[in-house]
Amino acid sequence: MSSTHRSTRTLAMGALALGLAMTTAIPVAIAASPDSADNTVATGLNNPRGLSFSPDGSLYVAEAGLGGDGPCIEGGEGVACLGSTGSVTKLMKKSGVQSRVLIGLPSLAGPGGFAATGPSDVSAQTFDRLAVAMGLGGDPADRDTLGEAGALLGTLVTSKGGAAPAMVADLAAYENDANPHQGPADPEDPRKWFDSNPTSVIRQGNRYIATDAGGNDLLQTVGDKVSTLAVFGDQWVQAPPLVGDFKIPMQSVPTAVAKGPNGAYFVSELTGFPFAPGSARIWMVRKGQTPTVYATGLTNVTDLAWSGKQLYAVQLSDVGLLNEPPEGLPTGSLRAITPGATQHAAVVDGLTAPYGVAIRQGTAYVTTCAMCPGFGEVNTFELP
């Protein structure tokens, strides 16, 4: 895949779904997270992804939704249909009451609502003001075919008090116009490989910092103006045995950004096909400087969070997405990152399709069953 942007739907959810045999409304195999009876604080979530705490301690979770009846687009892994089923759930600090406080956001999904693309992360700025990264997972031109109902896909939006979301910046349009990655395209169809998928957002003063997993870059917005902070290049890895005995480029696929205690931004990688185990990195990005590698030896990382001076990362799959069993969901973990190391201790493993992590007062809150419609959870784990 010698492309500018990834040709698969970002997050690799569609590629994984091919091996899940998910053709019914109930997943084939959904295992409980470790000690889930004791540590589950939110249930019934639709494809839950990133999450964050507001200043008052309430927890907000982005739900990518269930898709809907259409219109539909043809993606790298099949047809995905649009619906207004994306949402944000709030978990009240004191009462623990769970409710959806922002609904009706666009969502794309295949049959059954599995592995949806939609709200991918939420930044809780005050007790009632939210910023949401809206995934797209495809060519920005495809969004145009979805009409007004899909116009917010590939953007950053804000909402106050549950009001209808307002677009802050159109990241997909920026990727389409600026193409920061600047790789070669298909000569027969120069647009074929364009891809945008905002997956993570944090607020820094009057700016938003966001990863675009389709564009392989870290972006900054000031008002509605978008600029590039960093671009993450490909790695050359061994092709899977069924492909051949040669090396192929594997794209970065940056999934999350977190600001570290040193003021730098830290960016995680899922990696693209073939999702080689141990090849995911965590980058450190300082404004105006070339990104440097902070940690290696990871696999399919989807989110990051700091607790003091310790960085934690979620691995969606511990063995690599192509090495998961042909049926069921991937099994991942929460890892404590050691800078410069190639192995990182598991805080908890055996998690069912984990994705997002937020930390408060020594407790990690992790979204699990992140590709499940109606079966997603938030589980808590005490940090060492």
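Reading disulfides and cores

The structure holds two disulfides, a disulfide being a pair of cysteine sulfur atoms within 2.5 Å. This is a predicted model, in which local features need pLDDT of at least 70, side-chain atom pairs count only at pLDDT 80 or more, and totals for chains, interfaces and linings use all residues. Residues are numbered from 1 along each chain as its sequence is written, and side-chain values use heavy atoms, with hydrogens and water left out.

User: Which residue forms a disulfide with Cys72?

Analyst: Cys81 does, with the sulfur atoms 2.0 Å apart. The torsion about their S-S bond is about 100°, so this disulfide is right-handed.

User: Is Cys81 buried or exposed?

Analyst: Buried means under 20% relative accessible area, exposed over 50%, and partly exposed in between (1.4 Å probe, protein chains only). Cys81 is buried at 14%, while Cys72 is partly exposed at 37%.

User: What is the handedness of the disulfide of Cys369 and Cys372?

Analyst: The torsion about the S-S bond of Cys369 and Cys372 is about -75°, so that disulfide is left-handed. Its sulfur atoms lie 1.9 Å apart. Cys369 is buried at 4%, and Cys372 is buried at 0%.

User: How many residues are in the largest nonpolar core?

Analyst: In soluble globular proteins, nonpolar side chains tend to be buried together. A nonpolar core is a set of buried Ala, Val, Leu, Ile, Met, Phe, Trp, Tyr and Cys residues joined through side-chain atoms within 4.5 Å. The largest one here has 20 residues, of which Val88, Leu108, Val122, Val132 and Leu153 touch the most other members. Apart from it lies another core of 15 residues, including Phe266 and Ile337.
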